[in-house]
Amino acid sequence: MEKIINEILNTALIGTDKKAADYSILDADILNPLEQISHNDPEEKLIRAAALLIYFHEAGSKLKKYKGPAIENIQESSEQCGPIFAHQLEKILILDINLKDFFLGLWLDKIIGKNQIAREDQILTLIDEGIKSNQFLRNKILQTIGEKGKIILSFKPAFSVGTPYKSGIQKWIEGSNAERLEFIAENRLIAFDLIKKDWNSESIVFKKSVIEIISKDSNADEILFIQELYDNEFVFKAKEKKTEREIRNLLALKLVTIPNHPLHQLLVDKIKSYCVEEKKGGFFGLGNTITRAFKLPEKPDEFFNKDHFNARLGVEPVNNDSALYINEVNYLFANLLPFISTAEWASLLNQKHSDVFDYFLKDKQFLTLIEGKKISYLQQALYESCFNFAERELILYLFDQSFMAHSQIQDLIPLLNSDDLLFWLKSQKNPFSSNYVMFWTQKNGIWDKSFSHTILSDSYEHIVKNNKYTSESISRQMAKFVHLDAETELEKLKNKLTQDTYSDHWLKIVYKPLKEAIGIRKIIDQY
Amino acid sequence: MKFSESQIRSLAPDEASMKAGKGLSSKNSWVTIGQNDRVLWGEIKGSGAKPYQTQIDLLNIAFKCSCPSRKFPCKHGIGLMLVLVSDPNAPTQTDEPSWVAEWINKRAVKSEQVIVEKTYTEEELSKLEKGKEKRAEERAVAVEDGVAELTLWFKDLIKSGLIHLPNKDLSYFNKTSARMIDAKAPGLASWVKSLSNLNYASGNDWQLEALQIICKTFLLLDAYKNIGQQIEEMQVTIKNLIGWSQSPKDLLADDSQPIIKDIWLVLGQEEKTNDDIIVQKTWLLGLHTNEKAMILNFGTKFSPMPISVMKGSILEAEMVFFPGETRQRAIIKLQNQMFDNVPKLPELLEDFEQAIDLDRANIAKNPWWNDTIIVVKNVRLLKNQNQVYAIDSVNNLITICPDMLQNIVLNWFVICANGAKITVGFIRNGNFHALGIFKENNYIVF
């Protein structure tokens, strides 16, 4: 039949003007009625023949049969998540774009943590959401769509997860450097044994990244490991790679921050030897006070010299800013300062903290002339010291200094505790329009109860009492990080509202999104 | 009354309204929510001093809201329905407030009102009749001219060869299509349009498809030329296909048409846009009578689609069918109540062989027939390379209708992945278009 249809189709394609159809190949069942209804018009005859053939073909053709192996049911090994939890996904997907990914991440983490999968009717939604999301979320989604979801992924080529997602120990064994570092950060205890086992075969760059991770909040075993590396593998060698020196610097920094560590003690003892007593104040010798001061040597000596600093502390021997550090000693002292906490300096110089900061930023011996202005070459050193010791006095002091860049303040904010942050925020003109809370939250996560209450009531005060509009940025932060118990406080504030524009603004900007977000977070949290 | 999100989505005028509605789907967004057997209502705070009042007629789905939105239904109507999806216990009132009672009572009275026809004198009647006859004669002449012109146009196509079709400008088809509109034969115009809508860009599938369209249209032109020789029902079918419209108002007023009372399951819906006109087809199945009905609605970008029934819903109603050789298009004459659950399963076909036989029987009666509704046991999907087939219990394969959206096919795949299901759909041009499945006596509409 198909052969005959093709013959008719070919004539129709070429045109009856150029090709005459061969009707002799038609079966009598078709030819006879065709002869009855067609006259001498070749086009009419062809169309009628085609119509008869097509209807005959359709009426007589059989369905294709599947001859492959029996189709197996796809059984999921993990159970589906519960209905109330599942319903939160619908709520999450209609959230503001800035909140959606965050809440979706929470939802996915919970379901993965419970070794469950999404409900069947959510699989496609999740895959389509994954196509719009980042790789990180896509990897999580992949873990929640079950076997059925994985099969239909072949119809969704835009859902690309790059290299297959690795989990647990697989990350360490087969993963990229980034994945292996991720594994260390997530599984510190297990990872430490693996680090030691594989240490000799690791690249120098990877070793540096590992040390950067384990030198934060190290336990006793990790400190012993750091000490061993400092004493042996990364001890100064005449010919060494730049990365080896940088690693020595990281190791020394870690060891020096441990009180009573010999390296710490050595530095403190050396610094003491440069401290002198000075007389200050009073007219004609009356009312003089004696203060301690730190006197830098005028030229390199046995302590302040680049080879010694390199060997002990891994400090780069080449002064890379000769305009700021006019001599080698200045350069080395700026590199030494972040190794010693300001509390230690206050004790050494027998001064209050704020006086020590003033001293380093204003004393003549630490000033240098840059573009016609005298500035302290220790500004950067004090800023770096904050990351090593997180001293609130120094951080709050630096916040008030005009030389501090906005980005530097943002970097230091996460080091404060919530009380200090609130204390500082209140001194700002418009605390809710800034991103300061966001920078703090990024590191510190969920806010404590009192911090949440204060931010909530301050937002109320700012909008409803002081009649000021504010952006949605603060409510997004609240939605993500406010303490779940803050819902009571939220309701209390709502009950205080009156009928006015600013109350409506607070209701729209703070209350409604926060109420919805707390509702979702509570269900995820309690699941 | 239970709604599903998919049902509510089918009522939303667009995706943005659905998303906005979802934003109002928490009961906390609403000041009050009330519901009884016939109406759902709620009050929600908007930008004005007074909250917006939203109400939904649950028996004959209809919306009303005091908000200024021009969308229909508005986000408040959608949001209020969605509240019930997430929390069926959200309504706290059952006594209708006056603003609700007033609207819903008015609707109830309106639906019971008998249309009082204007009475004419004999002279007026004769004048009207003459005018009607004259218009009918004029149309018959115009259509005859159109039929002759289109016959010639097809013959010219075949004479010069279909191979030139892909190179033809759109205006080539549009011109002929417009000539058919002028000839008062809009049905023929759509057949011409369907030739221009073929996918000429990929492969050679268009060749047989074009020949099929030409053959079927030519058959229709032939049938019209010999319409006097056809039985009355066939004459109606031919005239419908040529473009004579059928008036729902006339049908409702015509007592001679049989009324089929049943519990109807709304199997699914399809919307297609053709020349800025949105054509919506809704398929229903009588659970006791096994009658299949299709409700046709029309809308444009500027006039919303009238809401008559919601897909997936189950309603007790009286259906009246438009006359024709094969029963298909219908309207609801009277709707009594809605059900939450399917009271009984419909008649089931064993396999696709039976389904195809049913389709062929319809085509034998009406060669232009399409969309045979079928309910088949034990259907699942089979993925073979990039092609997806529906497969029955005896391994018959049928290709999936290319009109089906990929996500609907994939959703169907997921549902059937752990076992075959009773599947509902229709056969169109030999392909299967699924509308929903039965899962543990619940109908899940796609």
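**Cores and salt bridges in a predicted model**

The largest nonpolar core here has 165 residues, and the residues with the most contacts inside it are A:Trp107, A:Phe294, A:Phe304, A:Phe333, A:Trp345 and B:Trp412. The element that gives the most to this core is helix H28 of chain A, residues 501-526, with 10 residues. Before I go on: this is a predicted model.

Take A:Phe333. Leaving out neighbours within four places in sequence, A:Phe333 is in contact with A:Phe294, A:Leu296, A:Phe304, A:Trp345, A:Phe360, A:Phe366, A:Tyr377 and A:Leu378. There is also a second, separate core of 55 residues, and among its members are A:Leu26, B:Ala185, B:Leu198 and B:Tyr224. As background, nonpolar side chains in soluble globular proteins tend to be buried together.

Next, the domains of chain A. The assignment gives domain 1 (2-60), domain 2 (83-155), domain 3 (169-256), domain 4 (261-404) and domain 5 (413-527). Over C-alpha atoms, the centres of domain 1 and domain 5 of chain A are separated by 79 Å.

Now one position in chain B. B:Ile422 sits in strand E13, residues 421-428. Is B:Ile422 buried or exposed? Buried, because its relative accessibility is 19% and the cut-off for buried is under 20%. Not counting residues up to four places away in sequence, B:Ile422 touches B:Leu345, B:Leu348, B:Val375, B:Val376, B:Lys377, B:Asn378, B:Gly436, B:Ile437 and B:Phe438. From B:Ile422 to B:Asn378 is 44 residues in sequence, but 5.3 Å in space, C-alpha to C-alpha.

On to charges. Over all chains, the search finds 50 salt bridges. One of them pairs A:Glu44 with B:Lys155, at 3.2 Å from N to O. This pair joins two chains, because A:Glu44 lies in helix H3 (residues 42-60) of chain A and B:Lys155 in helix H5 (residues 122-160) of chain B. Both A:Glu44 and B:Lys155 are buried.

Within chain A, A:Glu491 and A:Lys515 meet in a salt bridge of 2.7 Å, N to O. A:Glu491 is in helix H27 (residues 486-495) and A:Lys515 in helix H28, so the pair ties together parts 24 residues apart in sequence. A:Glu491 counts as partly exposed at 22% relative accessibility, while A:Lys515 counts as buried at 18%.

Some salt bridges share partners, and one network formed this way joins A:Asp41, A:Glu44, A:Arg48, B:Lys155, B:Asp222 and B:Lys225.

Last pair: A:Glu244 and A:Lys237 form a salt bridge with the closest N and O atoms 4.0 Å apart. A:Glu244 is buried at 16% relative accessibility, and A:Lys237 is partly exposed at 29%.

Definitions and conventions: Residues numbered from 1 in each chain as written. Chains lettered and ligands numbered in written order. Predicted model: local features only at pLDDT ≥ 70, side-chain atom pairs only at ≥ 80, totals over all residues. Heavy atoms only, no water. Domains from an automatic or database assignment. Core = buried A, V, L, I, M, F, W, Y, C linked by side-chain atoms within 4.5 Å. Buried < 20%, exposed > 50% of the residue type's maximum accessible area, 1.4 Å probe, protein only. Helix = DSSP H or I, 4+ residues; strand = E, 2+ residues; numbered from the N terminus. Contact = heavy atoms within 4.5 Å. Salt bridge = Lys/Arg side-chain N within 4 Å of Asp/Glu carboxyl O.
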